[in-house]
Amino acid sequence: MPQNLQLAITAFGGPETLQLQHTDIPDPQDGQVLIKVAFAGVNPVDAKTRAGLGWGAEKIKDILPWVPGFDAAGVVVKDSGTFKAGDRVAGRIVEGGGYGQYLCASADALSRIPDDVSFEAAASLPVAGLTAWQALELAALQAGEKVLILAGAGGVGHIAIQLAKAQGASVYASCSAANIGFVSGLGATALDYAASALETQVTDVDVLIDLVGGDVGEAALKSVAKNGRVVTVPTITADRIIDAAKPMGIDVKGMLVVPNPEQMDALLTMVNDGKVRVEIAKTYSLEDGVQAHIDIQTGRTRGKLLLEMPE
C-alpha cells in the first residue's frame, strides 16, 4: 500500500526535532478533499510552533508528533463535492499537515489554481498573501494614505507592499540594506532599518503594518500619526504593542489569518494577471526541511521558502 512521507515535529525544540515519518495515506472525511501535495510554504509560525511558542504550540502540545504546514498546493486525488480528480488547488490549511505528500483539507478552504499560475506561486499565497490582505483590510487602509510596512522584503511584507500600492496608498517599507533594491522595485520607499531609527526616516503614517513585533514593533509606533491605526501580526508580542500604543492615542489591533477562498481567488487572479509578483527565495526538498527551518528562523529571508514533495 502506498505510504505518505511526512516531516513531523517530534518534540518542541530546535530544527533537529523535525523528523521524517511514514504514515498511511489519509481518508477524507465529509467536507474534505484528499490532495497530493506539490509544494508547501515554510512560514515563521512553523518555526515558532516547533520551538514550543505561541498559539500553535499550545494547540498541539498533547498530540506530538505533528505535521506542520499551514499552506499547500497540489492536485485533488479523487472527486469530492465541487472538486474533481486532477483539479489544481491551494489553500490555507488550518489543521496543518502541508509538510507531507498527501493531505486532507476542508473543501471550503481551497481555491482552484489558474492554469498560468505555478504550484510554487500558489503555495506561497495562503498564509503570506492572506495575512497581507487581511492586515490591510483590518487597518481599513484608504487610497492616498501613508502606510509603513515592517519587514517589507519578507513573505507577507512583499505582498502587502503590492496590495497597498494597488489600493492607491503611499507605501514605505523597512528592510535590510541588501533588500533596498528589491523593496524599491515593488513600488515602496525602502527604509534601511539599520541605518537610523525609523521615526527619523518617516513620520505621521496613517497605517502601520507590524510584521516584526517586540522591540522593533514598539519603536515603529513613533512613526505613526496621532489617531493612526496599527495592525500587529506576531501574536506573541501583540499585547505589548497594544499597551505601548494606548498613551500615544494610537489604535492597535492584533490578528490571526483565517482561510478565505474568495480572497485567495482574488490573489491567484492578481498573480495570473501579473498584478502581484511572488518572490520565492529558495525551494527545499522535504528531506531538507530542517535546513528550511534553520533559514526561516533567522528572520532574514527574502520572500517565501517552499518545500517540494517527493513523487
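Helices (H or I, at least four residues) and strands (E, at least two) are DSSP runs, numbered from the N terminus. The model is predicted, so local features need pLDDT of at least 70 and side-chain atom pairs count only at pLDDT 80 or more, while totals for chains, interfaces and linings use all residues. Residues are numbered from 1 along each chain as its sequence is written, and side-chain values use heavy atoms, with hydrogens and water left out.

**Stop 1**

Select Leu-64 and Pro-65. The peptide bond from Leu-64 to Pro-65 is cis, with omega near 0°. Pro-65 belongs to the loop between helix 2 (54-60) and strand 4. In general, most peptide bonds are trans, and most residues other than glycine have a negative phi.

**Stop 2: two positive phi values**

Select Ala-140, in the loop between helix 4 (128-138) and strand 8 (146-149). Its phi is near 55°, a positive value in a residue other than glycine. For accessibility, buried means under 20% relative accessible area, exposed over 50%, and partly exposed in between (1.4 Å probe, protein chains only). Ala-140 has 36% relative accessibility and therefore counts as partly exposed.

With 51% relative accessibility, Asp-204 counts as exposed.

**Stop 3**

Select residues 88-92, which form strand 5. Is this strand largely enclosed or open? Four of its five residues are buried, so strand 5 is largely enclosed by the rest of the structure. Two strands pair if DSSP finds at least two bridges between them. Strand 4 (residues 71-76) runs antiparallel to strand 5 and is joined to it by five bridges; here Gly-74 stands opposite Val-89. Strand 7 (residues 110-112) is also antiparallel to strand 5, with three bridges between them. In that pairing, Gly-91 faces Leu-110 as its opposite residue.

**Stop 4: a buried asparagine**

Select Asn-4 in strand 1 (residues 3-9). Its relative accessible area is 1%, so Asn-4 is buried. Show the contacts of Asn-4, where contact means heavy atoms within 4.5 Å. Not counting residues up to four places away in sequence, Asn-4 touches several residues, among them His-22, Asp-24, Pro-26 and Tyr-102. Its side chain also reaches the backbone nitrogen of Gln-101 at 3.1 Å. This is a polar contact (a pair of N or O atoms within 3.5 Å; within protein, one must be able to donate a hydrogen and the other to accept it, and residues adjacent in sequence count only if both atoms are side-chain atoms).

**Stop 5: the nonpolar cores**

A nonpolar core is a set of buried Ala, Val, Leu, Ile, Met, Phe, Trp, Tyr and Cys residues joined through side-chain atoms within 4.5 Å. Select Val-147, Ile-149, Val-183 and Ile-209, which touch the most other members of the largest core, a set of 51 residues. Helix 5 (residues 155-166) gives the most to this core, with six residues. A second, separate core has 32 residues, including Leu-7, Val-42, Ala-47 and Val-89.

**Stop 6: salt bridges**

A salt bridge is a side-chain nitrogen of Lys or Arg within 4 Å of a carboxyl oxygen of Asp or Glu. The structure holds nine salt bridges. Select Lys-304 and Asp-71, whose side chains meet in one of them (3.7 Å, N to O). Lys-304 lies in strand 15 (residues 304-308) and Asp-71 in strand 4, so the pair ties together parts that are 233 residues apart in sequence. Lys-304 is buried at 1% relative accessibility, and Asp-71 is buried at 0%.

Now select Asp-215, Glu-218 and Arg-240. The side chains of Asp-215 and Arg-240 meet in a salt bridge (2.4 Å, N to O). Glu-218 also forms a salt bridge with Arg-240, the closest N and O atoms being 2.8 Å apart. Glu-218 lies in helix 7 and Arg-240 in helix 8, 22 residues apart. Salt bridges that share partners join Asp-215, Glu-218 and Arg-240 into one network.

**Stop 7: the cysteines**

Finally, select Cys-104 and Cys-175. Cys-104 is buried, with a relative accessible area of 15%, and Cys-175 is buried at 3%. How many disulfides does a search of the whole structure find? The search finds zero, a disulfide being a pair of cysteine sulfur atoms within 2.5 Å.
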